[in-house]
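The tour goes stop by stop: select, look, move on.

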Amino acid sequence: MKSKKFLFGVVVVLLLVTSVLPGCNKEQQLVIPSSLSPYEVVEEIFPKNPFRFIVGTSLDTTNLPKGACKEGFDGGYSEPFFGVWYIKRDGRPINQSMALILDFEVLKYQGTEFAQRSYDGIGEAYELQNLTYRNIALKAGVEPVSEEDAEIVGGVSNVSWYLIQSGCFVICIDGHDDVAQDALDRTIDTFGVEMR
């Protein structure tokens, strides 16, 4: 339990440090057009990854994340990224064999109230904490990796979790710390709108 709290503290410190760097502290909010499908949201966020959508799957009410609201669910999409397939924003590939380094899920709901319930339910199920990063409210935390999943995720003992809600969408990001952070920044860079 102490290591989980320590790792969460490290994640929070990293987020806080990067949020005060020049150019990162502008007032913004996340705005995802409700006309997009969950697949299109992923496509907008990861346009340059040549291997995306190879193993992605549609989500229905039988394979939602723990704590997600089934009521008002309007579809979802899950895209797992393996080390050899993920290209960071700076253009560098991860090249970490076939380890699962990121799971990126987009859930769409029939209305904001259902998305909010799902956001709160998932946050509670994974014991995520409220956090503001780049002036975007989100939930974050660290989840221990079970012994049977350790080999799949490349031997890491914990994965970072980020949860974002924007209108009728909920985005779940979990993976290796640097890759989950990269995916979070991609999401904000893609759909963040500066407020005046």
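**Stop 1: valine 179.** Start in helix H5, where valine 179 is found. The model is a predicted one. Is valine 179 buried or exposed? Its relative accessible area is 1%, under the 20% cut-off, so valine 179 counts as buried. Now select what valine 179 touches beyond four places in sequence: Tyr86, Ile94, Ile101 and Leu102.

**Stop 2: the whole chain.** Zoom out and colour by secondary structure. There are five helices and nine strands. Read from the N terminus, the order is α-β-α-β-β-β-α-β-β-α-β-β-α-β. Of the 196 residues in the protein, 48% are buried. Take the contacts between residues at least 6 apart in sequence: 66% of them join residues at least 24 apart.

**Stop 3: helix H2.** Select residues 38–45, which form H2. Which residues of H2 are buried? They are Pro38, Val41, Val42 and Ile45. Look down the axis of H2: these four lie on the same side, because they cover an arc of only 95° around that axis. An α-helix has 3.6 residues a turn, so residues three or four places apart point the same way. Now show what the buried residues of H2 pack against. The partners are strand S3 (73–82), strand S4 (100–109), strand S8 (169–175) and helix H5 (177–191).

**Stop 4: isoleucine 32.** Isoleucine 32 has a relative accessible area of 7%, so it is buried. What does isoleucine 32 contact, leaving aside neighbours within four places in sequence? Select Val41, Ser166, Phe169, Ile171 and Phe191. Val41 also belongs to the buried residues of H2.

**Stop 5: the largest pocket.** Display pockets and pick the largest, with a volume of about 370 Å³. Its lining has 18 residues. Centre the view on Leu100, Glu143, Asp149, Val153 and Asp174, which lie nearest the pocket's centre. Which strand gives the most to the lining? S4 does, with five residues. S4, strand S6 (136–144), strand S7 (158–166) and S8 each supply at least two. Colour the lining by residue type: eleven are nonpolar, two polar and five charged.

**Stop 6: two backbone angles.** Most residues other than glycine have a negative phi. Select glutamate 127, in the loop between helix H3 (112–125) and strand S5 (129–133). Its phi is positive, about 55°, although glutamate 127 is not a glycine. Now move to arginine 134, in the loop between S5 and S6. What is the phi of arginine 134 near? It is near 50°, again a positive value in a residue other than glycine. Arginine 134 is buried as well, with a relative accessible area of 11%.

How values were computed. Residues numbered from 1 in each chain as written. Predicted model: local features only at pLDDT ≥ 70, side-chain atom pairs only at ≥ 80, totals over all residues. Heavy atoms only, no water. Buried < 20%, exposed > 50% of the residue type's maximum accessible area, 1.4 Å probe, protein only. Arc of directions from axis to C-beta. Contact = heavy atoms within 4.5 Å. 1 Å grid on protein atoms, 1.4 Å probe; cavity = no way out; pocket = protein on both sides within 12 Å on 5 of 7 lines; lining within 4 Å. Points joined across faces, edges and corners; volume = space filled by probe spheres on them. Nonpolar A, V, L, I, M, F, W, Y, C, P; charged D, E, K, R; others polar.
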